[in-house]
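Q: I would like to learn how to read a sheet in a model. Please take me through one.

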Amino acid sequence: METEGIYLCPHCGEEIVVPLDPCAGREQRYTEDCPVCCSPNVISVTFDEDGEPSLSVERE
Ligand SMILES: [Zn+2]
């Protein structure tokens with residue numbers, strides 16, 4: 001099953017859709033370059049008990 005999350009890039013304000021892997025842990029944190037403006041974003045993902053992801057993002 002593929003899960004997707006959406007975040008707003010803090011650099012350019014674009015909505016970015018990212019694939020998420022619930023099997024990689026309940027809490028994940030990683031850096032990803034924005035596909036629109038290529039700026040690095042630190043993405044924090046938390047899955048609740050139903051497997052619903054919530055994302056937060058900050059500038060690196
Ligand atoms: Zn961006």
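Q: How do strands of a sheet pair in general, and what is the strand order in the open sheet here?

A: Strands of a sheet pair through backbone hydrogen bonds, in a parallel or an antiparallel sense. In this predicted model, three strands form an open sheet in the order E3-E4-E5, and their pairing is antiparallel. Strand E3 (27-33) and strand E5 (53-59) each have a single partner strand, so one side of each lacks a neighbour in the sheet. From one strand to the next the twist averages 25°.

Q: How many bridges join E3 to E4, and which residues stand opposite each other?

A: Strand E4 (residues 40-47) is joined to E3 by seven bridges. Asp-33 stands opposite Pro-40, and Arg-29 has Ser-44 as its bridge partner. The hairpin of these strands has six residues between them, and there Cys-38 takes a positive phi near 65°.

Q: How does E4 pair with E5?

A: E4 and E5 are antiparallel, with seven bridges. Phe-47 has Pro-53 in E5 as its bridge partner. Five residues lie between the two strands of this hairpin, and Gly-51 in the turn has a positive phi of about 85°.

Q: Is Val-45 buried or exposed, and why?

A: A residue counts as buried if 20 or more other C-beta atoms lie within 10 Å of its own. Val-45, in strand E4, is buried because 23 other C-beta atoms lie within 10 Å. Beyond its neighbours within four places in sequence, the contacts of Val-45 are Gly-5, Leu-20, Gln-28, Pro-53 and Leu-55. Its C-alpha atom is separated by 5.7 Å from that of Glu-27, 18 residues apart along the chain.

Terms used: Residues are numbered from 1 along each chain as its sequence is written. This is a predicted model: local features need pLDDT of at least 70, side-chain atom pairs count only at pLDDT 80 or more; totals for chains, interfaces and linings use all residues. Two strands pair if DSSP finds at least two bridges between them. Helices (H or I, at least four residues) and strands (E, at least two) are DSSP runs, numbered from the N terminus. Axes are lines fitted to C-alpha atoms, for helices over the stretch in contact, and angles run from 0 to 180 degrees between N-to-C directions. A residue is buried if 20 or more other C-beta atoms lie within 10 Å of its own, exposed if 12 or fewer, and partly exposed in between; C-beta atoms are placed from the backbone. Two residues are in contact if their C-beta atoms, placed from the backbone, lie within 7 Å.
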